[in-house]
Amino acid sequence: MAKYLLLKHYRGAPAAVNDVPMAQWAPEEISAHVQYMQDFAARLEKTGEFVDGQALAPEGTWVRYDGEGRPPVTDGPFAETKDLIAGWMVIDVDSYERAVELAGELSAAPGAGGKPIHEWLEVRPFLTAPPTITE
C-alpha cells in the first residue's frame, strides 16, 4: 500500500469544467457537494483506503524562524495569492493507478447547478525514503 495526498485548490490549478466559485453556489449546492465528499470518504473507509481529509479556510499566514531569541516572522493572510489549497484527502492504495482513479472520481463532486465540477486535483505520493542526492 502507498499513501497519496489528493489536493483540492481554491485557485492555482487549471480551471474546472464547472468553474463557478463556491461563494456563488446556493446553500443546497454546497450541501450536496459536502455530502458527496463525505460519502466518498465513507466508501473509502470501508475499503481501508481512507486515511484522513479536511477542508481548509482560504485565510492563512506564512511563518518562518528568524533566529534565536527572536519571535517568528509572520506575513499574511494571503487571500490574494495565486494558489490556495481548499482541502486535502490522504488515501492509502495499492497503486498509483488506483490513486489516479479515485482522484478522477473525486473531481466529479457536484457544484453549481448540481453538475459535476470536474476540477483538477493534484495527486502527490508520500515520500517513503529520504531523497537520493547525486552529484
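Helices (H or I, at least four residues) and strands (E, at least two) are DSSP runs, numbered from the N terminus, and the expected span of a helix is 1.5 Å times one less than its number of residues. The legends below describe a predicted model, in which local features need pLDDT of at least 70, side-chain atom pairs count only at pLDDT 80 or more, and totals for chains, interfaces and linings use all residues. Residues are numbered from 1 along each chain as its sequence is written, and side-chain values use heavy atoms, with hydrogens and water left out.

View 1. Helix 1 comprises 21 residues (27–47) and reaches 31 Å from its first C-alpha to its last, close to the expected 30 Å. Its buried residues (under 20% relative accessible area, 1.4 Å probe, protein chains only) are E29, H33, M37, F40, A41 and L44. They cover an arc of only 115° around the axis (taken from the directions from the helix axis to the C-beta atoms), which puts them on the same side of helix 1. Just after the helix, G48 adopts a positive phi of about 80°.

**View 2. The largest nonpolar core.** Such a core is a set of buried Ala, Val, Leu, Ile, Met, Phe, Trp, Tyr and Cys residues joined through side-chain atoms within 4.5 Å. Among its 16 residues, L44, M89, I91 and L106 touch the most other members. Strand 1, helix 1, strand 5 (84–93) and helix 2 (96–106) each supply at least two residues of this core. Leaving aside residues up to four places away in sequence, L44 touches E49, F50, M89, I91, R98 and L102 (heavy atoms within 4.5 Å).

View 3. A salt bridge places a side-chain nitrogen of Lys or Arg within 4 Å of a carboxyl oxygen of Asp or Glu. K8 pairs with E119, the closest N and O atoms being 2.2 Å apart. Both K8 and E119 are buried.

**View 4. Surroundings of E122.** The side chain of E122 makes a polar contact with that of H9 (3.1 Å); the term denotes a pair of N or O atoms within 3.5 Å, where, within protein, one must be able to donate a hydrogen and the other to accept it, and residues adjacent in sequence count only if both atoms are side-chain atoms. H9 is buried, at 14% relative accessible area, whereas E122 is partly exposed at 27%. E122 also forms a salt bridge with R124, with the closest N and O atoms 3.3 Å apart.

Notes
Buried means under 20% relative accessible area, exposed over 50%, partly exposed in between (1.4 Å probe, protein chains only).
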